[in-house]
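Here are a few notes to read with the structure open beside you.

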Amino acid sequence: LATDELCTFHSSKIDAAQTIFTQYYHHRLEHVNQSKIFYLPTGVAHTFPEVSPAEVRPPAQRRYVLNLVCSLVTNKVRQRVRALIQTRVRPEFPKMQIFEHYAHSWSGNYDNKSGYLPPPAFKRVVLDSVFTLMPSGHNPECYRLYESLECGSIPVVAMEGLGTHCERPFAPFATAPLVFLQNWDGLPELLRNFTRDPAPFYRRAGQLAKWYAEFKRHTYDTILDRLLQ
């Protein structure tokens, strides 16, 4: 079992292993014997409360159009997205409900002392948001991706700030109806489209829920099958 947040994997280190489960997908995994290496999705944080189906409301009934909850120190692109919201998004959409919360230092404790939004509070925000913004941290794949999927909030990702060390990090999500932006400057246009006609995005949320259910089923089946072998 390996974890490789910075995408520095070199197969020579563990060539003797018969089976390798590794977190964080990246291009280097594509050059390893595919019969013995298995991508293991990061999933939600262990502190994130379980989400029941009854808690997941239709997107049209949610309070916030989007949320951005993150630590600002893990990647400079997060500071840029915060500035983009404050200087372009809020002035253009003054009545839009947007939730922002920032921690100014990183901590694994996820508590008030470190400036983090407590996990139960974060869960409530994501359950009440149509979109969850996901500027990259150390790695583009993060807990927030899976937490937003669990809550039925559409993840918005951009191919910006990813770094050359983590090429093709979203390959496992190529067929997922996430919102992919070329860069974060595309956020205002996304919100203009949503404001003009939210219906396609509400349908996308339903498609995403179906995709995620199949993604989890396939992941569970693949891992269980390998372990039983």
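**Notes on the helices and sheets**

1. Let's begin with a helix pair: α1 and α4 cross in a right-handed way. On the α1 side, the contact is made by L84, I85, R88, V89 and E92, and on the α4 side by L187, P188, L191 and R192. Keep in mind throughout that this is a predicted model.

2. How far apart are the axes of α1 and α4, and at what angle do they pack? The axes are 10 Å apart, and the angle is about 25°. Because an angle under 35 degrees counts as roughly parallel, α1 is described as roughly parallel to α4.

3. Stay with α4 for a moment, which spans residues 187–196. Its buried residues are L187, P188, L190, L191 and F194. These residues cover an arc of only 155° around the axis, so they sit on the same side of α4. As a reminder, an α-helix has 3.6 residues a turn, so residues three or four places apart point the same way.

4. What covers those buried residues of α4? The cover includes two helices you can pick out by number, α1 (76–92) and α5 (199–228). It also includes the strands β4 (64–71), β6 (129–133), β7 (154–158) and β8 (179–181).

5. Those strands bring us to a sheet. Five strands form it, in the order β5-β4-β6-β7-β8; the sheet is open and its pairing is parallel. β5 (98–103) and β8 are at the edges with a single partner strand each, so one side of each has no neighbour in the sheet. On average, and ignoring direction, neighbouring strands here are turned by 20° against each other.

6. Now walk across this sheet bridge by bridge. β4 and β6 are parallel and pair over three bridges, with N67 having T132 of β6 as its bridge partner. T132 also has a bridge partner in β7, namely P155, and β6 and β7 run parallel, joined by three bridges. Moving on, β7 and β8 pair in the parallel sense over three bridges, and V156 stands opposite V179 in β8.

7. Is β6 mostly covered or mostly open? Mostly covered: five of its five residues are buried. Have a look at α2 while you are there, a helix made of residues 119–127. Helix α2 lies across β4, β5 and β6, and runs at about 150° to β4.

8. β2 covers residues 20–23 and pairs with β3 in the parallel sense over three bridges. For a landmark, look for I20, whose bridge partner in β3 is I37.

9. Last, a single residue in a loop. P53 lies between β3 and β4. Is P53 buried or exposed? P53 has a relative accessible area of 73%, and since exposed means over 50%, P53 counts as exposed.

Methods: Residues numbered from 1 in each chain as written. Predicted model: local features only at pLDDT ≥ 70, side-chain atom pairs only at ≥ 80, totals over all residues. Heavy atoms only, no water. Buried < 20%, exposed > 50% of the residue type's maximum accessible area, 1.4 Å probe, protein only. Helix = DSSP H or I, 4+ residues; strand = E, 2+ residues; numbered from the N terminus. Arc of directions from axis to C-beta. Contact = heavy atoms within 4.5 Å. Pairing = 2+ DSSP bridges. Axes fitted to C-alpha atoms, helices over the stretch in contact; angles between N-to-C directions. Parallel < 35°, antiparallel > 145°, perpendicular 65-115°, else oblique. Left-handed = near helix turned anticlockwise from the far one by under 90°.
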